[in-house]
Each structure stands twice: as C-alpha cells, then as structure tokens.
Amino acid sequence: MTKLKLGPITDDTPVKLTVELPAGLHRDLVLYGELLGRSGGQGPIAPQKLVVPMLERFLASDRGFAKVRRSVGAGRRLGD
C-alpha cells in the first residue's frame with residue numbers, strides 16, 4: 001500500500017466551511033480519501049474531513065510561517 005502523508009483522521013466536532021474547489025482538486029481529494037480509508041481499514045473518507053488535517057500538516061511544515069508565528073507569539077504584530 002502507498003504511504004500517505006496523513007495518518008488516521010480523528011472524529012472531531014465539525015465546523016461548517018463553504019469553499020469552491022476546482023473539479024480536478026475535488027477528484028483528487030475523493031481519491032485520496034478512498035486510499036486513506038482503505039489503508040486504515042475503513043470506508044472512504046469524505047473530502048471535507050481531509051481539509052483540516054491537510055491544512056494543519058501544511059501549516060506545521062511551513063518554516064516561514066512557523067518563524068512568523070513564533071515572532072507574533074512573542075508579542076510582535078504582523079507588518080511590524
């Protein structure tokens with residue numbers, strides 16, 4: 001089985017988010033959810049359940065964002 005970057009999706013209280021996706025991106029998210037569900041021994045995972053963990057992983061791996069986030073957390077404001 002292919003090693004995917006996302007691990008198991010935890011069930012969390014949902015928050016409604018409305019967003020328009022290009023059709024190709026939606027197809028890729030559907031396929032990713034199918035592969036992730038299959039690798040975890042469960043059914044397909046809906047694209048909307050993938051968005052949060054993907055965004056969290058993206059932000060966690062963005063070094064530039066982490067640097068700015070640390071400086072903002074130290075009392076600086078963006079744009080200073």
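Trainee: In what order do the elements of the protein run from the N terminus on?
Mentor: They run α-α-α. Helices here are DSSP runs (H or I, at least four residues) and strands are E runs of at least two, numbered from the N terminus. This is a predicted model, where local features need pLDDT of at least 70, side-chain atom pairs count only at pLDDT 80 or more, and totals for chains, interfaces and linings use all residues. Residues are numbered from 1 along each chain as its sequence is written, and side-chain values use heavy atoms, with hydrogens and water left out.
Trainee: How many strands does the protein have?
Mentor: The protein has 0 strands and 3 helices.
Trainee: Ok, and which residues make up the largest nonpolar core?
Mentor: Leu 4, Leu 6, Leu 29, Tyr 32, Leu 36, Ile 45 and Leu 50, 7 residues in all. α1 gives the most, with 3 residues. A nonpolar core is a set of buried Ala, Val, Leu, Ile, Met, Phe, Trp, Tyr and Cys residues joined through side-chain atoms within 4.5 Å. Buried means under 20% relative accessible area, with a 1.4 Å probe and protein chains only.
Trainee: How much of the protein is buried?
Mentor: Buried residues are 14% of the 80 residues.
Trainee: Back to Leu 4, what is it in contact with?
Mentor: Leaving aside neighbours within four places in sequence, Leu 4 is in contact with Tyr 32, Leu 35 and Leu 36. Contact means heavy atoms within 4.5 Å.
Trainee: And which residues in α2 does α1 meet?
Mentor: Pro 47, Leu 50 and Met 54 in α2 meet α1 residues, including His 26 and Leu 36.

Terms used. Buried < 20%, exposed > 50% of the residue type's maximum accessible area, 1.4 Å probe, protein only.
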